[in-house]
Amino acid sequence: MPGTRVRRRTAHRERRRAARRHALLAVASAVVAIGATAGLIDAGHRDGRDTARPGPTAPPVLGPLPGVPTPTPTAPAPSIPSARPVPAPAPSRTTSRPSAAPEPPSSPSATPAPAPRNRLFRHPHSQVLDWVRAHPDDPRRPVIESRIAARPAAVWFAAHNPGEIAGQVRAVTRGAAAAGRVPVLVPYAIPDRDCGGASKGGAPDLAAYDAWIGEFARGLGAGAAIVILEPDAIALSDCLSASERAARFASLARAGRTLRAAGPRARVYFDGGHSGWHAPAKQAAALRAAGAATDGDGIFTNVANFHRTADETAYARRVLAALGGPPGLGAVVDTSRNGNGAPPAGQWCDPAGRALGQTPTTRTGEARIDAYLWVKLPGESDGCSGAAGSFTPEYAYALATG
């Protein structure tokens, strides 16, 4: 019976191998489930581009994120080469003009949507999470993971990608709705973006941008959302001619109407600059021309900058007072890197001594301040500690322990 014993031993070994395979598959499935429900922002790189991976649907492919903080009057940020490819360069302002697009129908109501009171959404993938997973033994990992990777932050859509953007936005908003949370979305494709600086790019003209925003809006759905409409598009518009600026502002007003009509619970915030830049009256006048008082729900301030929360809330209230409009207009403040306030004048690129600010929340306890958000992703470089927009653990750790 030796043959029988051999067959029994062989069958026993096969059963043990099968049991081990089933155990490994169970562990892998648990890891996937945890990753799908944890929810963190994705700004990971794939082939040199930013990629958001919200869930089982096709991942959105995002364009370059802003590499440098907004300039101040006393310390303008110099242009630096972009470390990421852009989807389509903006046309030269000396050779072409943005074309006008038809006016969309007016929003049925200028009353702002109720301020969101849900928890903010954490997208399940990001550069920081990629680093955390790849460096389990790095001594900095626990701090970076708990203080940065575990926090909700904005999802940027920076590629002019007609035909794709609606599905990308929808993937994020559906993931957030399933989790009972509020996503923060950043459309960032206005023509002549960043005045040709490190984050140059955007749609080829305003007609193309209007169409792209229309597709973006179709992805919003019926759930609550916060839309940070085009950082720097208003505060950094002085590089445009008067006619170009007027055309941009008209396009932003159309965008506000389109987004609010498509997403009844979406709150749309317009670019308010920051407390170290334009005077409140000047910024309010530009915001009014861009439709913020009639076609938006408020303003955002301090995106990619460092000014203290108290300075920003005071500034935001002064801008809102000068802006006028419905009493429900509010403000959101980017607190991602403002824990120690602004650096000395002239130090704008990954400056030393900065720190994480207020944890993102929609419960600020401050009049007319709807949320503290992490719009600029902490740990992603301005271009000095690493390539612009890339995650650098040294910088992230410094912010987390500053």
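Keep in mind that the model is predicted.

Let's start with the cysteines. How many disulfides does a search of the whole structure find? Two. As a reminder, a disulfide is a covalent bond between the sulfur atoms of two cysteines.

Take C195 and C239. Their sulfurs sit 1.9 Å apart. The torsion about that S-S bond is about -80°, so this disulfide is left-handed. The pair links distant parts of the chain, 44 residues apart. C195 is in the loop between β7 (184-187) and α5 (206-218), and C239 is in the loop between β8 and α6. C195 is partly exposed, at 25% relative accessibility. C239 is partly exposed too, at 29%.

Now C349 and C384. Here the S to S distance is 2.0 Å. The torsion is about 120°, so this disulfide is right-handed. C349 lies in the loop between β11 (330-334) and β12 (369-373), C384 in the loop between β12 and α10 (393-401), so the bond ties together parts 35 residues apart in sequence. Buried or exposed, these two cysteines? C349 is buried, with a relative accessible area of 14%. C384 is exposed, at 53%.

In sequence order, the bonded cysteines pair 1-2, 3-4.

Last, the annotation. UniProt lists D232 for "active site", in an unreviewed entry. Where is D232? In the loop between β8 (225-228) and α6 (242-262). D232 has a relative accessible area of 13%, so it counts as buried.

Key. Residues are numbered from 1 along each chain as its sequence is written. This is a predicted model: local features need pLDDT of at least 70, side-chain atom pairs count only at pLDDT 80 or more; totals for chains, interfaces and linings use all residues. Side-chain values use heavy atoms; hydrogens and water are left out. UniProt positions are given in the numbering used here, feature names are shortened, and annotations may be inferred rather than shown by experiment. Helices (H or I, at least four residues) and strands (E, at least two) are DSSP runs, numbered from the N terminus. Buried means under 20% relative accessible area, exposed over 50%, partly exposed in between (1.4 Å probe, protein chains only). A disulfide is a pair of cysteine sulfur atoms within 2.5 Å.
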